[in-house]
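Student: Hi! Could you walk me through this one?
Tutor: Happy to. Let's have it on screen.

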Amino acid sequence: MTKKEKNFCKKPFSVWDIVIYIVFTVFVIISVIFVFIGEKGNTVEIYLDGKHLYSFELSTDRVIELEHNTVVIENGEVYISYADCPNKICLNSPPVSKAGRSISCLPNKLIVYISGDSDYDAVIGGGL
Ligand SMILES: [Zn+2]
C-alpha cells in the first residue's frame with residue numbers, strides 16, 4: 001500500500017463524499033424541476049395531414065386560421081374555435097394546456113399537440 005492510499009483510507013469521510021452528495025442532491029432537484037416544467041408544456045405543435053406545419057409558444061395568445069379549422073391559443077390553453085367538419089367533435093373538445101395532450105379533427109386530418117420544452121429547437125419547421 002502506498003503512502004497516498006494509506007492517507008485516503010484513514011479518512012472516514014472524505015471531501016469527495018460531500019461533493020458527490022451535493023451533486024446528487026442538485027441532480028434530484030433539477031430532475032424534479034424538469035418534470036414539473038414538462039407537465040406544464042409550452043409549445044403548441046400543429047400537424048395537418050401528417051405534416052408538421054407550425055410551432056407556437058403556449059404562453060403567447062394567438063389565433064391560427066387554417067383552411068378548415070381555427071385554432072386559438074389563449075391564457076396558456078389551446079382549443080379549436082371553428083371547424084367545418086361534419087361531426088364537430090373537435091369543437092366540443094375541452095381546451096388543453098399540458099404536454100402530451102392533444103386535440104384532433106380527424107375529418108380534416110388536423111392534430112394540435114402540446115410538447116414539452118425539450119425539443120424547442122424544431123420551431124417553425126415545415127410550412128404550407
Ligand atoms: Zn373537427
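Tutor: One term before we start: two residues are in contact if their C-beta atoms, placed from the backbone, lie within 7 Å. Also, keep in mind that this is a predicted model.

Student: Got it. So which residues is isoleucine 46 in contact with, leaving aside neighbours within four places in sequence?
Tutor: Those are Leu53, Tyr54, Ile64, Val71 and Val112.

Student: And which residues have the most contacts inside the largest nonpolar core?
Tutor: Ile46 is one of them, along with Val44, Val78, Ile80 and Val112. That core has 18 residues. At least two core residues come from each of β1 (43-48), β2 (51-57), β4 (69-74), β5 (77-83), β6 (102-105) and β7 (110-115).

Student: Which strand gives the largest share?
Tutor: β7, with four residues. In soluble globular proteins, nonpolar side chains tend to be buried together.

Student: Zooming out, how many helices and strands are there?
Tutor: Two helices and seven strands, in the order α-α-β-β-β-β-β-β-β along the sequence. Of the 128 residues in the chain, 17% are buried.

Student: New topic: what is the phi of asparagine 75?
Tutor: Positive, about 55 degrees, although asparagine 75 is not a glycine. Most residues other than glycine have a negative phi. Asparagine 75 sits in the loop between β4 and β5.

Methods:
Residues are numbered from 1 along each chain as its sequence is written. This is a predicted model: local features need pLDDT of at least 70, side-chain atom pairs count only at pLDDT 80 or more; totals for chains, interfaces and linings use all residues. A nonpolar core is a set of buried Ala, Val, Leu, Ile, Met, Phe, Trp, Tyr and Cys residues joined through C-beta atoms within 7 Å. A residue is buried if 20 or more other C-beta atoms lie within 10 Å of its own, exposed if 12 or fewer, and partly exposed in between; C-beta atoms are placed from the backbone.
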